[in-house]
Amino acid sequence: MWTDFPMTTVAFIGLGRMGHGMAGRYLDAGFAVAVWNRSKAKAEDLIARGARWASSPADAAVEADAIVTMVADDEASRAIWLGKDGVAARAKPGAIAIECSTVSYNHASRA
């Protein structure tokens, strides 16, 4: 059972068609989920189901055991992870980074 895994808090960043569905599955499985997207409107139903709205990718990462990103491309991924309010600024040591975005091999291998 997923809830037996020591990970309890998930940050989900990028709520397009696939990301939204994936974030919802974490909620369904009983995880605490923080969500961020450029448009808060895409998160409203997840928030209504118990997700915490984060003010930035960095805010989403606070206390997250796993950070999942699902964004459009290398540039968006780089900004999410390494930008001014990026995940790297606030992720806790030992957090699992899960990149599900459509990124190039070069971008992924630099991480």
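In this predicted model, the largest pocket holds about 380 Å³ of space, where a pocket is an open set of points, on a 1 Å grid over the protein atoms alone, at which a 1.4 Å probe fits, with protein on both sides within 12 Å along at least five of seven lines; the volume is the space filled by probe spheres set on the points, which are joined across faces, edges and corners. Its lining comprises 19 residues, and Asn 37, Arg 38, Met 70, Val 71 and Ala 72 lie nearest the centre, a lining residue being one with an atom within 4 Å of a point. Two or more lining residues are given by each of helix 1 (17–28) and helix 4 (74–82), and helix 4 supplies the largest share, 3 residues; helices (H or I, at least four residues) and strands (E, at least two) are DSSP runs numbered from the N terminus.

The sheet is open and is formed by 5 strands in the order 3-2-1-4-5, with parallel pairing, two strands being paired if DSSP finds at least two bridges between them. Strand 3 (52–53) and strand 5 (96–99) are the edge strands, each pairing on one side only. Strand 4, helix 4 and strand 5 together make a β-α-β unit that is right-handed, in that, with the strands pointing away from the viewer, the path from the first strand over the helix to the second runs clockwise.

Residues are numbered from 1 along each chain as its sequence is written. Local features need pLDDT of at least 70 and side-chain atom pairs count only at pLDDT 80 or more, whereas totals for chains, interfaces and linings use all residues, and side-chain values use heavy atoms, with hydrogens and water left out.
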